[in-house]
Amino acid sequence: MKKREKFLDFSPPAITDKEINAVVETLKSGWLSMGPRVFEFEKKFSEYIGCRCSVAVNSCTSALFLSLAISGINKGDEVITTPFTFASTANVICHLGAKPVFCDIDKDTFNISPKQIESKITKKTKAILPVHYGGQPCDMEEIQRIADEHGLVVVEDAAHALGAELNNKRIGASGNLTCFSFYPTKNITTGEGGMITTNNKEIADRLKLLRLHGISSEAWSRYSRGGKWKYDVLAPGYKLNMSDMNAAVGIVQLERIKELNQKREEIYNLYTRKLSLLNAIELQKPRENIKSSYHLFPILLKNHNRDSFIDGMTEMNIGTSVHFIPLHLQPFYQKEFGYKEGDFPVAEDIYGRIISLPIHPMMTDGDAEYVCEAIMHILG
Ligand SMILES: *Cc1c(COP(=O)(O)O)cnc(C)c1O
């Protein structure tokens, strides 16, 4: 087959003049840090998700950290999570002196397996941290049932799941602490940024206190005209707030979310139609009553070598990625907690065979068809 000339990027950000102009306007406004645009972004985010409160921070990593901190996770505690995730999901557990207790994933959805969760609960368990892998919601009914039965907190890593739905409700609307990412590869971006949603106003107020030095809430405006110079330090807070420059991008991106996710869905459906016909690969099998945010399109190879397949795709000018190298195979987690190869066979089997195909709103049907042809070409 004929090789395309331009490299097809894996997941570039979808930025238009609207986002660019919003940043320029912010720069000209004289207010760059957290201020009116962050608060507007939070308000619109809550409306979109269908939750009471949203708290903007500088990354999803910060969102996860603050959510665990506010839940009282401490030295010696255990938090149950998936090894099939990005480093930050488990790193933040370690930041609080707690232990990430991994459990294996479901072979169809690649999400944490509720059955495995129950077997990992000990007296030290304080929280469950599920990740909605690729934008496919976890079995939250079952996870919530387990959490309620054992009195555990649930913090959701929804870095992939903006716009995803479970039983016709958006992820983030449930009332759990739910953490979103606006990193450039995610469904919407602010450059860097994150958001925590909750239905508990007291918790939201506490999160807002901790994200900015632990100083009383109007303190962000202490440099504006009429702003108060006096403030109280109520807790040794952190510096994890979002800036107005980032929020300006986020407001525009959020206005475009329907269009952006719809484009992803079209590419996702085209891939599914073409690739489900191939015997040499397997696809993620979505659960019922969910709508994905179509963040990733992973394929599993049955008999071909994954690494040479990726080389073949690169040779055809197609960007791909691997989500994720299981955390229990990483040097730090092995050394610190004694995890080893063989601990989580499903995650390891999938890791050995998985590739994420390019999927983003700027892709055309022609691009996706080219990817499918290249796959058939490489697999013979
Ligand atoms: C991207 C990602 C994060 C981290 O998001 P940041 O905003 O970069 O901190 C966390 N969890 C998962 C599953 C991710 O993919």
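Residues count from 1 along each chain as its sequence is written, and side-chain values use heavy atoms, with hydrogens and water left out. Since this is a predicted model, local features need pLDDT of at least 70 and side-chain atom pairs count only at pLDDT 80 or more, while totals for chains, interfaces and linings use all residues.

**Exercise 1: the whole chain**

Work out how the radius of gyration of the protein chain sits against that of a compact globule.

Solution. 
- Start with the rule: the radius is taken over C-alpha atoms, and the globule value is 2.2 Å times the number of residues to the power 0.38.
- With 380 residues, that puts a compact globule near 21 Å, and the protein chain has 21 Å, so the two agree.
- For the extents, the C-alpha atoms fill a box of roughly 70 × 55 × 40 Å along the principal axes.
- Next, burial: 54% of the 380 residues count as buried (buried is under 20% relative accessible area, exposed over 50%, partly exposed in between, with a 1.4 Å probe and protein chains only).
- Then contacts, meaning heavy atoms within 4.5 Å: among those between residues at least 6 apart in sequence, 74% join residues at least 24 apart.
- Secondary structure comes to 13 helices and 13 strands (DSSP runs numbered from the N terminus: H or I of at least four residues for helices, E of at least two for strands).

**Exercise 2: charges**

How many positive and negative side chains does the protein chain have, and how far apart are the centres of the two sets?

Solution. 
- Place each charge at NZ of Lys, CZ of Arg, CG of Asp or CD of Glu.
- You get 45 positive and 46 negative side chains, with the two centres 5 Å apart.

**Exercise 3: Glu19**

Is Glu19 buried or exposed, and which side chain does it make a polar contact with?

Solution. 
- Find Glu19 in helix 1, residues 17–29.
- Its relative accessibility is 1%, so Glu19 counts as buried.
- Polar contacts are N or O pairs within 3.5 Å; within protein, one atom must be able to donate a hydrogen and the other to accept it, and residues adjacent in sequence count only if both atoms are side-chain atoms.
- By that test, the Glu19 side chain pairs with the side chain of Arg256 at 2.7 Å.
- Leaving out residues up to four places away in sequence, Glu19 also touches Ala14, Val249, Val252 and Gln253, besides Arg256.

**Exercise 4: helix 7**

Solution. 
- At the start, a side-chain oxygen of Asn200 comes within 3.0 Å of the backbone nitrogen of Glu202.
- Along residues 201–211, the buried ones are Ala204, Leu207, Leu209, Leu210 and Arg211.
- Just past the helix, His213 has a positive phi of about 65°.

**Exercise 5: Asn261 and Tyr294**

Which backbone oxygen does the side chain of Asn261 reach, and what is the phi of Tyr294?

Solution. 
- Asn261 sits in helix 9, residues 257–275, and at 9% relative accessibility it counts as buried.
- Its side chain gets to the backbone oxygen of Leu162 at 3.1 Å.
- Setting aside residues up to four places away, the contacts of Asn261 include Tyr48, Asn187, Ser293 and Tyr294.
- Phi of Tyr294 is near 55°, positive in a residue other than glycine.
- Tyr294 is buried too, with a relative accessible area of 9%.

Conventions
Lys and Arg count as positive and Asp and Glu as negative; His and the chain ends are not counted.
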